[in-house]
2 protein chains.
Amino acid sequence: MTNIHDIARLSGYSVSTVSRVLNNSGYLSDTARNKIQKIIEEQDYVPNDVARDLSRGKTYNVGIVLPHTKHPYFTHLIKGIMETAFAKGYHVVLLPSLYNADIENQYLEQLRRKSYDALIFTSRGIPLKRLLKYQKYGSIICCENPGDYQIAAAYSLRSKTFTEAFSYVKNQGYHEIGILLSRPRESSTTSSLTLASYEAVYGATPKIINTSVTTYQDGYNAMAGFQKNEKKPDFIFANGDDVAAGARQYYLDNELSVPAMMGQENQLSGNILNIPTIDHHFHEVGRKAMELAISGEIKMIPINSELIKR
Amino acid sequence: MTNIHDIARLSGYSVSTVSRVLNNSGYLSDTARNKIQKIIEEQDYVPNDVARDLSRGKTYNVGIVLPHTKHPYFTHLIKGIMETAFAKGYHVVLLPSLYNADIENQYLEQLRRKSYDALIFTSRGIPLKRLLKYQKYGSIICCENPGDYQIAAAYSLRSKTFTEAFSYVKNQGYHEIGILLSRPRESSTTSSLTLASYEAVYGATPKIINTSVTTYQDGYNAMAGFQKNEKKPDFIFANGDDVAAGARQYYLDNELSVPAMMGQENQLSGNILNIPTIDHHFHEVGRKAMELAISGEIKMIPINSELIKR
DNA sequence: GTAATATATGAAACGGGTACCACATCAAGT
DNA sequence: ACTTGATGTGGTACCCGTTTCATATATTAC
């Protein structure tokens, strides 16, 4: 494998000058450029990116920590992330966490070990506080409101829209709301925001609730659970349109009347089935998160979310 | 930033011995291990992954070249890829190509420059032949039948199922088939396989066809185009369930009777709308492709695809 | 008792670039 | 004529590990 030293030797110039040709930087005569270029082509030489990364102390890799690809917002978020990354010459490395704290910590360690220039936590299991300690090793971005923590963040302003949504539901006369969430209130910002909004509007904690729902099938199964309860829901508030679609299917399959519903993420299923939804604009969140990752700024970028009535 | 040399100096041992502690390899006394471990902890030292990669000549990164995240098979494929990668400690780097040959070539060059250990082409714009030249720089896997080329491949056996599907459609009495593809026959294996199967069953080239369809919206728009034709389709053969759903919506919106349809990829939309589909088992293709990437074997792994009648 | 082998450690080359600094020219400015 | 600044190039430290080879001591085997 030929390296920059070989090119230097063969061309009769120094490695510094060869490096200048490669990077098109600094003072350089046309003579030198041409001669070196010729040798480079003859030898079919290309510089080694890893060596370059080591020397520059920068990898142009950004790690994206995500629980799993089944997560409702995955598609939108990743699209936004990739658009910005691609435009700026950065690489997107997908890091599945399964919401496992050990795994998330491993990724933080990898940041420290210089595997990535930055990490974007699209969701997380470990406490925000823990992220703080790793900021000195590279920028860390979270996709939620970090509150008082000085952590870069791009996130959807969900509370307001959740409240708007529940008010809308209440005004329509629904009072037995079945709520579907992906994780328990204690461990998920999303869940606690949702429930806080519910409580603000309804003035009580929800009775009909399931906190381990992510997919269509989960939504379906959750309805089976609700049917065993004494209280049956007259409205389903789901954490994704796909989930809502699964819930709906349960009622259809069991020849029960389908309650009104609302989904989230503006997924295709909601569009097809005409289920109202909340679009958290995760595509935009993804773009902004990646911009923060690249710039290294520690600031908060809230993004409006939107209730789509149908 | 402390490095291995600092640890060596502070502990009174050589870098070789420190390296042995880090990698838990070779002969090593307990005394040395303990002393060095202590210094490592005191200094809060972690080795630099980039330096390690350079030294070892391996990155544990696998690049995934994909046209864009809107592609119907994206979700399934990426899930399979990530599962295997995660299990084996590899990193998945997403590389959007937009089917642009220049961009695809850039990724091949990056393989040569050691940015990745392997590349998986989930789809491609450049000719297969071009991939051959880069195999010496790392394993290259394609997700289609490479024919006579000696290229590692994990791919769905689509022809048989396409033929089965068209026969099924024909037996049901449909003769004016509107075909939706993502790319023209000349530049896409998928398209040419689809059309070859159609022709084998119907004995003629299709008249109603659109070759730039990828999304729900594209499907919708394509129907508007078909409606302008003299020949109206009595069956829509779409390249994805989401696309079929878009097509269906066009008819609904325009109060036309919805023709029978078939989708592909076994997407949620097809399930919801009860549209028959072809499941190409891309999840499995993803797993196998990543296994090939890691093992470096140059072999073909065909995977059965499946017609799902509904 | 001595050769053979296992154990422990270090020196230094190697992987392959980048970038700072020194040095040498040469032309323009005063 | 002399200073100054632009231009061109080289030397070399630096980024940070891994790994081979040599050396030294401790066991074990015969």
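## Domains of chain A

Chain A is split into domain 1 (4-47), domain 2 (58-156 + 282-305) and domain 3 (158-279). These bounds come from an automatic or database domain assignment. The C-alpha centres of domain 1 of chain A and domain 2 of chain A are 38 Å apart.

This is a predicted model: local features need pLDDT of at least 70, side-chain atom pairs count only at pLDDT 80 or more, and totals for chains, interfaces and linings use all residues. Side-chain values use heavy atoms, with hydrogens and water left out, residues are numbered from 1 along each chain as its sequence is written, and chains are lettered from A and ligands numbered from 1 in the order in which they are written.

## The parallel sheet

Four strands of chain A make an open sheet, ordered β7-β6-β8-β9, with parallel pairing. Strands (E, at least two residues) and helices (H or I, at least four) are DSSP runs, numbered from the N terminus. Two strands pair if DSSP finds at least two bridges between them. From one strand to the next, the twist averages 15°. Axes are lines fitted to C-alpha atoms, for helices over the stretch in contact; angles run from 0 to 180 degrees between N-to-C directions.

Strands β6 (residues 177-180) and β8 (residues 235-237) of chain A share three bridges in the parallel sense. A:Ile179 has A:Phe237 as its bridge partner in β8(A).

## Helices on the sheet

Helix α8 (residues 158-171) of chain A packs on the sheet and touches β6, β8 and β9 of chain A. Contact means heavy atoms within 4.5 Å. The direction of α8 makes about 175° with that of β8(A). Helix α9 (residues 189-202) of chain A lies across β6, β7 and β8 of chain A, at about 165° to β6(A).

## Aromatic rings and charges

Over all chains, the structure holds 21 aromatic pairs. Rings of Phe, Tyr and Trp (its six-membered ring) pair if their centres lie within 6.5 Å; planes under 30 degrees apart are stacked, over 60 edge-to-face, the rest tilted. B:Tyr220 and B:Tyr250 pair edge-to-face, 5.5 Å centre to centre with 85° between the planes. B:Tyr220 is in helix α10 (residues 216-228) of chain B and B:Tyr250 in helix α11 (residues 241-253) of chain B, 30 residues apart.

In chain A, ring pairs link A:Phe162, A:Phe166, A:Tyr198, A:Tyr202 and A:Phe237 into a cluster. A:Lys170 lies over the face of A:Tyr202, 5.8 Å from the ring centre. In chain B, the charged end of B:Lys170 sits over the ring of B:Tyr202, at 5.7 Å from its centre. The criterion is NZ of Lys or CZ of Arg within 6 Å of the ring centre and within 35 degrees of the ring normal.
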